[in-house]
Number of protein chains: 2
Amino acid sequence: MAISERKKKILAAVVDAYIQTAEPVGSKTLAQNACLGCSSATIRNELAELVNLGYLEQPHTSAGRVPTPMGYRLYVNELMEKQKLSIEETEDINRRLNQKLQELDDTIGNVSRLASQLTDYPALALTTQTAVTIKRFDIIYVDANTFILVLMLANNAVRNKLVHLPFSVDQNMIQRLSALFNASFTGIAEDEITPLLISSTERAANDSMGLTSVIAAFALEVLGESAAPAAFVSGENRLLGQPEFRDVDKAHRLMSYLTGGGHILPAAESFGTGEEVRVLIGPENVAEELKDSSVVIASYDAGDNTRGLIGVIGPTRMDYSAVAAKLGLLAAGLSRRLGGGEAPPPGVNNKLIIKGDDSNDR
Amino acid sequence: MAISERKKKILAAVVDAYIQTAEPVGSKTLAQNACLGCSSATIRNELAELVNLGYLEQPHTSAGRVPTPMGYRLYVNELMEKQKLSIEETEDINRRLNQKLQELDDTIGNVSRLASQLTDYPALALTTQTAVTIKRFDIIYVDANTFILVLMLANNAVRNKLVHLPFSVDQNMIQRLSALFNASFTGIAEDEITPLLISSTERAANDSMGLTSVIAAFALEVLGESAAPAAFVSGENRLLGQPEFRDVDKAHRLMSYLTGGGHILPAAESFGTGEEVRVLIGPENVAEELKDSSVVIASYDAGDNTRGLIGVIGPTRMDYSAVAAKLGLLAAGLSRRLGGGEAPPPGVNNKLIIKGDDSNDR
DNA sequence: TATTAGCACTCGAAGAACGAGAGTGCCAAC
DNA sequence: GTTGGCACTCTCGTTCTTCGAGTGCTAATA
């Protein structure tokens, strides 16, 4: 059921206005501000039809119109002008990206903070990691009671741990253990580190003090931690700036939901591999708590087998265009920096495919 | 100007009731619930005097009474019964502390999260670090283009960094650099790592490829990062659960302030060295944004020259007793685990000195 | 046939009026 | 010094009213 060009134009105008003002838009305002070349009466007729078609709705009989999720969907898919970020903005994002990533290596937190700052909505970043293995095992002897474990993972992350013992070990033992672990603990997955393997290593090392199990425990811990998808949410408080969250309870509910960030994962299930930006509008979200909010998600290549996700959460009345553009750029920048592939030309990367989930349009 | 015992008892009852209900307390309720052995009329007289003395106030003529900051101050200093945590609670805190600290070594974030969970108020944790030095320098040779830097600091923190080079180095060079750095870069402070030192090391190592400066840069980065006070706020959204923050704008202001956690530092200036718990009530706070909230702060020994701070933020109508008890226990537990001193006996540690800032009582 | 002007109608938001109830202050009695 | 009693005050929630924005419909117009 294709709708006329004019209807589309009017719908776009309604959404644009509503995004800006958060107030239902009336025919008069529309006739004045959007240059549609027809009178308010005509617009009224069109609006009434758009309501019938399900793209708009009225909070009450004598109020203006507000987009429905379906209206937003059409807007996002076809109508909104893909916002081109200015060169300055692009450069700003890239600059901040560089800065942030150097500052600390706790990247995922930084990515989410940055996304939140740029868009002024709460943002979350998460990574899913496919099974990681250990690439290298080093033990640094500090003194008779102390050593440092250094683990290098297949994805090139390096983890360390200082171990302090209540008894002494000699340097030979340390060397022996190091060799043994490098021989039998590298290249295997978490579930291959069995009690059997540990005890046989223990025997081989002639270790009667339980060192082997300390080291193995650390290995397990690191692998477990790296395999677990990590999530980081920031800028929750920005929600309170939005008029739709004047209701404290509503805001509280969503914020609590966000703070336990992992929950968002179901939404991320259908992980995109491309670099498109995806928009989930209101009821399209699986999570009950998000049913009247929208989420914009971009995914990026975070290096060896790892994909990262950046998401921005806001009211359905969200500035989709701007958020999508910024998030796309951010994701592209991250892929460029972290991804395994060769770096693309450093020019402005504005190619942005907005793809949504049409499945529940009826 | 000492006030009578009965007045104190009544004041305490008012504060207790108000903390629980968040509603102004009237003479009748007081006569019924608190066992004061006198009628509501008598209480009314006493209440009127307490208002005159400045310990209570009335939101309007025909409402109950609400404590003033001065009233809270007296309550905190003298009246409130120091809450003894039950054995179960104590053990729960200790257990969670152990768990949290093992889970990740990003301790400060965990401390703040834990404090927030325990008290159900937003919490922040911060550390100030006095100059840290490097204790040990290791370089692990991975392959011709790659090595891992491992730095152990005087406070026993270990940091690492994977370095990937666009050219090859041989293992000898790595060894030479490692020895040189251990000889001349350990035990010195950040500002002693001068360009001069770097270039002389570079010459000594016969390094023409700039490796020395890469390593030195990392050392500087780590030292800088460790010296900078780090702050971490969590549980901001719990504010919204408090009736005094039904006003979205008020909540938003405070939450934004909290999110930029570093600002809190001025309040922490007068860093306690003891293990007492300190309470700052409403206007006693320096920061404008906290003028009608209260902060409970505990400090702990975080190992070599480092002190950490845990703070909990809430409305002035805060459950000071419970929060102080929990925070004190948390701080004690942290000191025990992180501090340099020998571990105190593992029994229940309930000794809790509440000390406030009396300076602006008039 | 599509568009427009005009007009009666609807419905929510904001304000005014009002009664109920909680709590006070004061007074006289104990 | 304490208590019961009572008139008074002020907020809160309810109801009623008004105001105005915005609609839907109809008849006139291009």
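The interface between the protein chains is considered first. In the predicted model, 31 residues of chain A are in contact with 31 residues of chain B, and the area buried between chain A and chain B amounts to about 2,600 Å², with carbon and sulfur atoms giving 62% of that area. On the side of chain A, N237(A), L240(A) and V248(A) supply 21% of the area that chain A buries against chain B, more than any other three residues. Two salt bridges are found across the interface of chain A and chain B; D249(A) forms a salt bridge with R246(B), in which the closest N and O atoms are 3.2 Å apart. Polar contacts between chain A and chain B, counted where both residues are at pLDDT 80 or more, number ten residue pairs.

Several secondary-structure elements contribute to the side of chain A that touches chain B, and at least two residues each are supplied by α5 (87-103), β4 (134-143), β5 (146-153), β6 (158-164), α9 (211-227) and α10 (248-259) of chain A. The largest share of this side comes from α10(A), with seven residues. By class, the residues of chain A that touch chain B divide into 14 nonpolar, eight polar and nine charged.

Within chain A, the domain assignment gives domain 1 (5-79), domain 2 (87-122 + 235-360) and domain 3 (134-227). Eight residues of domain 1 of chain A are in contact with 14 residues of domain 2 of chain A, and the two domains bury about 1,000 Å² between them, 66% of it on carbon and sulfur atoms. In domain 1 of chain A, the residues that lose the most area to domain 2 of chain A are I19(A), R73(A) and V76(A), which together account for 51% of what that side buries. One salt bridge is counted between domain 1 of chain A and domain 2 of chain A, and the side chains of E284(A) and R73(A) meet in a salt bridge with an N to O distance of 2.5 Å. Three residue pairs in polar contact, both residues being at pLDDT 80 or more, are also counted between domain 1 of chain A and domain 2 of chain A.

The elements that give two or more residues to the side of domain 1 of chain A that touches domain 2 of chain A are α1 (5-21) and α4 (69-79) of chain A, and α4(A) gives the most, with five residues. By class, this side of domain 1 of chain A has six nonpolar, one polar and one charged residues.

The surroundings of the DNA strands were examined next. Around DNA strand D there are 20 residues, the closest being S27(A), R6(B), T42(B), R44(B) and T61(B), and sugar and phosphate account for 79% of the atoms of DNA strand D that come within 4 Å of the protein. At a base of DNA strand D, a nitrogen is 3.2 Å from an N or O atom in the side chain of R44(A). Elsewhere on DNA strand D, a sugar or linking oxygen lies 3.5 Å from a backbone N or O atom of S62(A), and a phosphate oxygen is 3.0 Å from an N or O atom in the side chain of R65(A). Two or more residues each are given to the surface near DNA strand D by α3 (40-53) of chain A and by α3 (40-53) of chain B, with α3(B) giving the most, four residues. By class, the surface near DNA strand D has four nonpolar, twelve polar and four charged residues.

Of the atoms of DNA strand C within 4 Å of the protein, 78% belong to sugar or phosphate, while the rest belong to bases. A base oxygen of DNA strand C is 3.1 Å from an N or O atom in the side chain of S62(A), whereas a backbone N or O atom of S62(B) lies 3.5 Å from a sugar or linking oxygen of DNA strand C.

Technical notes:
Residues numbered from 1 in each chain as written. Chains lettered and ligands numbered in written order. Predicted model: local features only at pLDDT ≥ 70, side-chain atom pairs only at ≥ 80, totals over all residues. Heavy atoms only, no water. Contact = heavy atoms within 4.5 Å. Buried area = accessible area lost by both parts, 1.4 Å probe. Salt bridge = Lys/Arg side-chain N within 4 Å of Asp/Glu carboxyl O. Polar contact = N/O pair within 3.5 Å; in protein donor to acceptor, adjacent residues only side chain to side chain. Nonpolar A, V, L, I, M, F, W, Y, C, P; charged D, E, K, R; others polar. Near = heavy atom within 4 Å. Domains from an automatic or database assignment.
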